[in-house]
Amino acid sequence: VSERKREGENVSITARSGGSDMSGGPLGESVILDCTPHLNHFSVDVSGLSVTTEPGVFFHDFEKHIEGSGILFAPYPASKGLAAFGGMVMNNCAGEKTLRYGQMRKFVEELKMILADGEEYSFRALSPQELEEKKKFQTFEGEVYRKTHECLEKNFDLVQGARPKVSKYSSGYALWDVWDRKQFDLTQLFAGSQG
């Protein structure tokens with residue numbers, strides 16, 4: 001894909017998981033990458049209450065694995081029998097337990113993603129000091145941190161004032177949750193960005 005883009009062809013990759021959402025997020029005009037056949041591994045740390053999952057893991061497979069453990073993964077969607085984790089994160093899923101426990105973005109601690117430059121990056125909440133270190137990188141990653149932070153800092157009051165007064169937001173970028181001047185967390189930009 002990168003080679004074709006350099007040659008001027010308008011080509012892109014759209015990742016697809018279960019395809020159970022209604023927003024059309026897994027649709028695209030170029031290459032559709034179905035994550036479910038091969039990117040479908042996960043691990044559960046019951047003692048630390050954490051899950052590491054690839055985007056193609058179907059929720060129903062994960063749910064069978066934790067059955068009887070006393071663990072509840074609260075933001076499961078109504079389509080949990082068909083949904084996979086990649087889409088659940090990207091559309092910020094939430095179902096019947098949302099009002100009590102919160103939507104998916106509340107449960108995302110780290111994301112590994114491939115960005116437009118074709119490289120994989122890991123994103124998690126950063127302290128202001130860690131953010132300043134990331135902004136020093138003279139790479140695409142550094143540019144993402146510099147430009148996003150500059151935009152959010154320059155428009156801080158406007159962005160914070162634009163926070164919707166709804167219980168679930170899954171229609172775009174939740175910029176107001178990325179930078180609160182105490183931490184900078186790009187997982188909050190990506191979780192729910194599908195819409």
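Residues are numbered from 1 along each chain as its sequence is written, and the side-chain values use heavy atoms, with hydrogens and water left out. Because the model is predicted, local features need pLDDT of at least 70 and side-chain atom pairs count only at pLDDT 80 or more, whereas totals for chains, interfaces and linings use all residues.

A pair of aromatic rings is described by the distance of the centres and the angle of the planes. Rings of Phe, Tyr and Trp (for Trp, its six-membered ring) are taken to pair if their centres lie within 6.5 Å, and planes under 30 degrees apart count as stacked, over 60 as edge-to-face and the rest as tilted. By this rule there are 14 aromatic pairs. One of them joins Phe42 and Phe62 edge-to-face, at 5.8 Å centre to centre with 75° between the planes. Phe42 belongs to strand 3 (residues 42-45) and Phe62 to helix 2 (residues 59-66), so the pair ties together parts that are 20 residues apart in sequence; helices (H or I, at least four residues) and strands (E, at least two) are DSSP runs, numbered from the N terminus. Phe42 is partly exposed, at 27% relative accessibility, while Phe62 is buried at 1%, where buried means under 20% relative accessible area, exposed over 50% and partly exposed in between (1.4 Å probe, protein chains only).
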